[in-house]
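Please read the points below with the sequence and the model side by side. They are meant for someone who has not looked at this structure before.

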Amino acid sequence: MWIKVGDGALIAHGEGGICCVGPTGKGEYATRLSSSAPRLSRDQWCWGGVSSPTVKGVAAMSDGAADRLVSADGGRVAPAMRKLLDAVAAGKADRRHVFDLLADGSIWKGSSGDDKSLALLVCEGTCSD
């Protein structure tokens, strides 16, 4: 099960490959919370489940990172994400690899320049239940 607040993207890497989970984006500045609104409105969050019985890893990213790592419609995920999730699961990647991806000028040239945040969670072997 997943819950998403605001804009950005969620990625799942499972038996069927890597894919975007849920809708991409919920509008620019959707994660900005107002002190006058103690609760999130329904249009600021969404939830669902991952249909793959075997999930190897997941990634959550801000809209700035999703700008180049996920297509606007969520139909395609950059191959760099699968490689990164595989490398982390194999113990062959660390925070330097994530930084290198987020700082690579050839990927981010012409992007919005928005902040880029990326969180990864991977399993060694197979994760289920």
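The numbered points go from the whole chain to single residues.

1. Basis. This is a predicted model, in which local features need pLDDT of at least 70, side-chain atom pairs count only at pLDDT 80 or more, and totals for chains, interfaces and linings use all residues. Residues are numbered from 1 along each chain as its sequence is written, and side-chain values use heavy atoms, with hydrogens and water left out.

2. Overall make-up. The protein chain has four helices and six strands; helices (H or I, at least four residues) and strands (E, at least two) are DSSP runs, numbered from the N terminus. Their order along the sequence is β-β-β-β-β-α-α-α-α-β.

3. Surface and burial. About 8,000 Å² of the protein chain is accessible surface, and 52% of that belongs to carbon and sulfur atoms; areas come from the Shrake-Rupley method with a 1.4 Å probe, and for residues only the protein chains shown count as cover. Of the 129 residues, 31% are buried (buried is under 20% relative accessible area, exposed over 50%, partly exposed in between).

4. Contacts along the chain. Taking contacts between residues at least 6 apart in sequence, 66% join residues at least 24 apart, where contact means heavy atoms within 4.5 Å.

5. H13. This residue sits in strand β2 (residues 9-14). H13 counts as buried because its relative accessible area is 4%. Beyond its neighbours within four places in sequence, H13 has contacts that include I18, V55, R82 and D86. From H13 to V55 the C-alpha distance is 5.9 Å, although 42 residues separate them in sequence.

6. K4. Strand β1 (residues 2-5) contains K4. K4 is buried but has no salt bridge, and the nearest side chain of opposite charge, D7, is 7.4 Å away. A salt bridge is a side-chain nitrogen of Lys or Arg within 4 Å of a carboxyl oxygen of Asp or Glu; for charge, Lys and Arg count as positive and Asp and Glu as negative, while His and the chain ends are not counted. What does the side chain of K4 reach at 3.3 Å? The backbone oxygen of G8. A polar atom of the K4 side chain also lies 2.7 Å from the backbone oxygen of P23.

7. Nonpolar patch. M1, I3, V5, L40 and W47 form a nonpolar surface patch of about 560 Å². Patch residues have over 30% relative accessible area and no salt bridge, with like charges joined within 9 Å and nonpolar side chains (Val, Leu, Ile, Met, Phe, Trp, Tyr) within 5 Å. L40 lies in the loop between β3 (17-21) and β4 (45-48), and L40 counts as partly exposed because its relative accessibility is 35%.

How values were computed
Buried means under 20% relative accessible area, exposed over 50%, partly exposed in between (1.4 Å probe, protein chains only). A polar contact is a pair of N or O atoms within 3.5 Å; within protein, one must be able to donate a hydrogen and the other to accept it, and residues adjacent in sequence count only if both atoms are side-chain atoms.
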